[in-house]
Amino acid sequence: MFSIPPIEECDSTMEIKHLWTFLAVAKHLNFTRAAGELSFVQSSVTSHVQALEAELGVRLFDRLGRRTVLTDAGRELRGRAPDLLSHIEQTRDAVREAGNAPGDARGTLRVAAPESLCAYWLPEVLRAFQDRYPRVRVTFGAAARGPLLEALTEGAVDLGFLLEESVEAAGVHAVRMAEERLCLVTRPGHGLAGREAVRTADLSDETMLLIEPSCAQRALVERELRTAGVAPIAMEFVSIEALKRCAAAGLGVAVVPSGTVLDEVARGTLTVLPWIRELELGVFAVHHRNRRPTRMLQELLALAREHWAAGAADRRP
């Protein structure tokens with residue numbers, strides 16, 4: 001029969017907060033930046049690392065002049081600590097969920113998504129989740145694909161949403177939740193607006209307003225332009241809002257997710273061109289492959305499916 005040994009007989013009494021501190025220092029290789037990320041004073045970061053080194057009986061970092069580097073032992077711990085902390089968090093969340101009704105559940109759910117999903121897809125879903133889990137703290141922030149996937153694998157984010165053609169990344173489980181169609185928009189009165197149909201080839205003499213290259217829609221549009229054999233002048237933007245405003249000001253034709261221009265089309269500041277092409281991206285939910293989805297996470301995904309299925313027709317101008 002299994003029995004728990006006395007604490008003095010255990011090999012280790014590592015504190016969870018010391019492991020989190022270690023990972024922050026290992027990420028930045030800088031104690032000051034790690035302290036800033038954790039909202040600690042630097043002396044606390046130093047003491048946490050020293051306590052962990054004393055517990056393990058090894059050095060985890062070396063100082064090489066002004067540089068901080070991981071030792072062999074530090075690299076080994078960096079590889080193992082995220083899984084250990086993930087299992088601890090899963091156990092904690094599962095126990096809390098088992099003992100609480102949704103209205104009494106507590107904890108934190110960390111969600112990240114690109115700008116367009118943050119602004120146009122997720123607010124109603126998060127509001128519905130908050131109504132069901134009023135005591136759960138949801139941290140919600142914008143993140144591009146690369147940083148989001150990195151945060152997932154490091155355990156800094158519980159759930160992410162991405163607007164992509166596909167999502168294939170090591171250690172990440174992705175589920176296609178909905179579709180988002182791309183559309184061409186410009187100011188009312190533009191020469192192409194009066195046509196019954198607009199082909200991609202018709203854009204050859206236009207100035208194209210495009211989002212930055214790191215976004216999946218940029219790659220999809222550029223591939224479409226190459227296929228049509230056209231190379232229009234392009235202007236690049238880092239945000240959907242700036243892109244829409246410049247399109248409304250008459251700087252050119254913009255390619256945007258259709259759900260992001262509903263208000264502008266309704267107000268008459270933008271018009272949708274009758275593009276014969278139907279380019280779509282998927283809205284993906286992503287989480288760590290080896291982390292069991294908690295009841296709260298599953299509930300959030302269910303709410304997202306429900307809201308997005310019901311509002312699919314309303315997201316097309």
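Trainee: Leaving aside its neighbours within four places in sequence, which residues is S258 in contact with?
Mentor: S258 is in contact with E180, R181, C183, R315, R316 and P317; contact means heavy atoms within 4.5 Å. Keep in mind that this is a predicted model, where local features need pLDDT of at least 70, side-chain atom pairs count only at pLDDT 80 or more, and totals for chains, interfaces and linings use all residues. Residues are numbered from 1 along each chain as its sequence is written, and side-chain values use heavy atoms, with hydrogens and water left out.

Trainee: Why is S258 called buried?
Mentor: Its relative accessible area is 4%. Buried means under 20%, exposed over 50%, and partly exposed in between (1.4 Å probe, protein chains only). So S258 counts as buried.

Trainee: What joins the side chains of S258 and E180?
Mentor: A polar contact of 3.2 Å. The term asks for a pair of N or O atoms within 3.5 Å; within protein, one must be able to donate a hydrogen and the other to accept it, and residues adjacent in sequence count only if both atoms are side-chain atoms.

Trainee: And what makes helix 2 roughly perpendicular to helix 3?
Mentor: Helix 2 (residues 31–38) and helix 3 (residues 42–56) pack at about 105°, their axes 8 Å apart. Roughly perpendicular covers 65 to 115 degrees, under 35 is roughly parallel, over 145 roughly antiparallel, and the rest oblique. So helix 2 is roughly perpendicular to helix 3.

Trainee: Which residues make that contact?
Mentor: F31, T32 and A35 of helix 2, with Q42, V45, T46 and V49 of helix 3.

Methods
Axes fitted to C-alpha atoms, helices over the stretch in contact; angles between N-to-C directions. Helix = DSSP H or I, 4+ residues; strand = E, 2+ residues; numbered from the N terminus.
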